[in-house]
Amino acid sequence: MSDPQTVSVPGRIMAAEMAEQPAVLQRILDEGAPRIREIAAEIAARNPRFVLLTARGTSDNAALYAKYLIEVLLGKPAGLTSMSTTTAYGAKPDLADCLVITVSQSGGSPDLVASTKAAREAGAITLAVTNNADSPLAEVSEFHIDVLAGLEKALPATKTYTAELLALYLFVEGLRGGEGAAAKDLPGLAAGILERREEVRALAERYRFAQRLVITSRGYGYPTAREAALKLMETTYIPASPFSGADLLHGPLAMVDNVSPVIAIVPDGKGGEALQPVLDRLRGRGADLVVIGQQAQVEAASAGFALPAGVPEEVQPILEILPLQQLAYEVTIARGQDPDAPRALAKVTETR
């Protein structure tokens with residue numbers, strides 16, 4: 001007879017790592033925040049005039065979140081880089097007075113390391129944000145922030161993503177001399193959301209046999225839409241298309257009909273207000289609309305998951321993604337697959 005402790009239970013690792021997130025968020029606030037503020041103060045003193053963000057996969061969605069923070073809270077231009085311009089084409093941009101932030105869970109992908117090294121040689125201030133202080137990326141960067149998530153074994157990134165979001169928020173707050181007060185209640189709020197597993201299981205029944213999904217949001221919620229689509233695709237194998245609500249209205253809305261499942265992340269704030277015309281159009285087309293976000297919007301939708309009210313909009317993405325991670329997990333389990341080990345994927349993806 002097999003030893004029960006050695007039997008692999010599908011999704012066991014991903015479930016455990018999702019459950020760790022409140023503790024990881026608290027660890028960053030308690031142990032990581034002082035060092036993040038120190039680094040932010042050093043970089044702020046050098047007054048970079050613009051910011052470039054470099055990342056791939058889940059970390060690319062965290063970088064997009066940082067882009068919103070930098071442009072909204074700091075008023076500085078920020079952009080996402082195309083690494084192949086350096087690694088494949090050998091471009092040599094002038095990056096004097098530029099801050100280049102490279103976000104990576106492992107810090108091991110050769111293209112991230114090469115492009116960061118090239119950026120530093122081109123005059124940029126370089127900051128690596130990783131879950132591995134001993135990584136090659138941390139070594140070639142001038143500054144490094146450890147997101148303190150601990151070893152992540154499941155292939156779908158969960159706790160490292162929310163850790164990256166919080167670390168990036170605290171860093172951007174530090175650049176403007178703030179202490180990140182908006183984040184202080186996040187660990188407790190995250191724990192409360194993760195305890196509502198039965199609500200997510202009920203939502204998962206809607207998508208067990210889905211052939212495709214559309215996921216939309218605006219503002220700070222848009223990175224959440226992209227990350228939710230990635231999690232669903234890599235675990236459930238359901239094609240999930242993420243759109244900014246503004247882009248959805250420019251053409252893709254035509255593919256939505258009365259049997260099309262749509263997930264809308266509706267922030268409590270300006271992003272949610274900007275999304276309202278999109279929600280109205282989706283309801284008008286009879287879409288099967290599920291809302292993650294404001295209670296009133298959930299009540300007006302086919303179904304949904306209400307998030308805590310009163311949370312500052314700039315940190316809501318750290319909470320928004322939690323039920324969507326659980327949704328990816330529950331749909332995958334319902335479809336008889338193992339979310340810990342999606343087919344054809346490796347934990348560290350090495351691109352050049």
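Student: Is the crossing of H3 and H7 left-handed or right-handed, and what decides it?

Tutor: The crossing of H3 and H7 is right-handed, because the near helix is turned clockwise from the far one by less than a right angle. This is a predicted model in which local features need pLDDT of at least 70 and side-chain atom pairs pLDDT 80 or more, while totals for chains, interfaces and linings use all residues. Residues are numbered from 1 along each chain as its sequence is written, and side-chain values use heavy atoms, without hydrogens and water.

Student: At what angle do helix H3 and helix H7 pack, and what is that arrangement called?

Tutor: Helix H3 (residues 58-74) and helix H7 (residues 159-175) pack at about 25 degrees, with axes 9 Å apart. That makes H3 roughly parallel to H7, the term for angles under 35 degrees.

Student: Which residues make the contact of H3 with H7?

Tutor: With contact meaning heavy atoms within 4.5 Å, residues of H3 including Tyr 65, Leu 69 and Leu 73 meet residues of H7, among them Leu 165, Leu 168 and Val 172. By class, this contact has 13 nonpolar, three polar and two charged residues.

Student: What is the volume of the second largest pocket, and which residues lie closest to its centre?

Tutor: About 320 Å³ of space lies in the second largest pocket. Of its 19 lining residues, Thr 86, Pro 93, Leu 95, Ala 118 and Ala 119 are the closest to the centre. Lining residues have an atom within 4 Å of a point on a 1 Å grid, and a pocket is an open set of points where a 1.4 Å probe fits, with protein on both sides within 12 Å along at least five of seven lines.

Student: Which element gives the most to that lining?

Tutor: H5 does, with five residues.

How values were computed
Grid points are joined across faces, edges and corners, and a volume is the space filled by probe spheres set on the points. Helices (H or I, at least four residues) and strands (E, at least two) are DSSP runs, numbered from the N terminus. Axes are lines fitted to C-alpha atoms, for helices over the stretch in contact, and angles run from 0 to 180 degrees between N-to-C directions. Angles under 35 degrees count as roughly parallel, over 145 as roughly antiparallel, 65 to 115 as roughly perpendicular and the rest as oblique. Ala, Val, Leu, Ile, Met, Phe, Trp, Tyr, Cys and Pro count as nonpolar, Asp, Glu, Lys and Arg as charged, and the others, Gly among them, as polar.
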